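Subject: Structure for you to look at

Hello,

Here is the structure I said I would pass on. Please open it beside this message; my notes on what was found follow below.

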Amino acid sequence: MSTWSTLDTPIGPFTAVVDAGGAVLASGWTAALDDLLPLVHPSLRPSEVHEGGLGAVGEAITRYHAGELSAIDDVPVRQRSGEFLEHAWDVLRTVPAGAPVTYTEYAAKSGRPAAVRAAASACARNAAALFVPCHRVLRTDGTMGGFRWGVEVKEKLIAHEAAH
């Protein structure tokens, strides 16, 4: 059985969907479960989701927003897609807080330096925001670029990480 919950954070409401094993299936700065469930790959999408505590995931969300940026690093995540996207999501988890990379650098780190659009697609299709920190990828000129949860949220995350 999967569980979901919305937590209040300094950046706004944050909702996560966690599977029975404690892995994040989807998450983001929204109070609406319906914003998240369509992001979960059909092979992983739970048939039932109950509102409840998130356990260690909820603790990590709270600790991260309180300034303990590494709290999210070891939270398990389950996402499915093609081989490149799954690898690119793993690579995103290695981008340190406070050290954002450009889409070009991210493509190179993912092993396909010419695949800048594919790297951007990995960010856009990431269901597990925060835990797979797509907010740490910027345009080549240093501007924010897009973010599913809004550029203002991305700016706040970058500033939060720079301050800690």
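Strand β1, residues 2-9, runs parallel to β4, and three bridges join the two. One of the residues involved is Trp 4, whose bridge partner in β4 is Glu 51. Please keep in mind that this is a predicted model.

These two strands belong to an open sheet of four, in the order β3-β2-β1-β4, with mixed pairing. Its edge strands, β3 (24-28) and β4 (49-51), each pair on one side only. On average, neighbouring strands of the sheet are turned by 25 degrees against each other, if direction is ignored. As background, strands of a sheet pair through backbone hydrogen bonds, and the pairing can be parallel or antiparallel.

The antiparallel case is found between β2 (residues 12-18) and β3, which are joined by four bridges. Val 17, for example, has Ala 26 in β3 as its bridge partner. β2 and β3 form a hairpin with five residues between them. In that turn, Gly 22 has a positive phi of about 90 degrees. Is β3 mostly covered or mostly open? β3 is mostly covered, since five of its five residues are buried.

Now the whole chain. The protein has six helices and six strands. Read from the N terminus, the elements run β-β-β-α-β-α-α-β-α-α-β-α. The C-alpha trace spans about 40 × 35 × 25 Å along its principal axes. A compact globule of 164 residues would have a radius of gyration near 15 Å, and the protein has 15 Å, so the two agree. Buried residues account for 49% of the 164 residues. If you take the contacts between residues at least 6 apart in sequence, 54% of them join residues at least 24 apart.

Next, the interior. In soluble globular proteins, nonpolar side chains tend to be buried together. Here the largest nonpolar core has 50 residues, and Trp 29, Val 57, Leu 92, Tyr 106 and Phe 131 touch the most other members. Elements that each supply at least two residues of this core include β2, β3, α2 (56-65) and α6 (151-163). Which helix gives the largest share of the core? That is α3, with six residues.

Not counting residues up to four places away in sequence, Trp 29 touches a list of residues including Thr 9, Phe 14, His 65, Leu 130, Trp 149 and Leu 157.

Two loop residues can be set side by side. Ala 32 is in the loop between β3 and α1. Ala 32 counts as partly exposed because its relative accessibility is 30%. Between Ala 32 and Pro 13 there are 9.2 Å in space, C-alpha to C-alpha, and the two are 19 residues apart in sequence.

Arg 136 lies in the loop between α5 (116-124) and β6 (137-138). Is Arg 136 buried or exposed? With a relative accessible area of 2%, Arg 136 falls under the 20% cut-off, so it counts as buried. Its side chain makes a polar contact with the side chain of Glu 161, at 2.9 Å. Leaving aside neighbours within four places in sequence, Arg 136 is also in contact with residues including Tyr 64, Ile 72, Val 95, Pro 100 and Ile 158.

Regards

Conventions: Residues numbered from 1 in each chain as written. Predicted model: local features only at pLDDT ≥ 70, side-chain atom pairs only at ≥ 80, totals over all residues. Heavy atoms only, no water. Pairing = 2+ DSSP bridges. Axes fitted to C-alpha atoms, helices over the stretch in contact; angles between N-to-C directions. Buried < 20%, exposed > 50% of the residue type's maximum accessible area, 1.4 Å probe, protein only. Polar contact = N/O pair within 3.5 Å; in protein donor to acceptor, adjacent residues only side chain to side chain. Contact = heavy atoms within 4.5 Å. Core = buried A, V, L, I, M, F, W, Y, C linked by side-chain atoms within 4.5 Å. Rg over C-alpha atoms; globule rule 2.2 N^0.38 Å.
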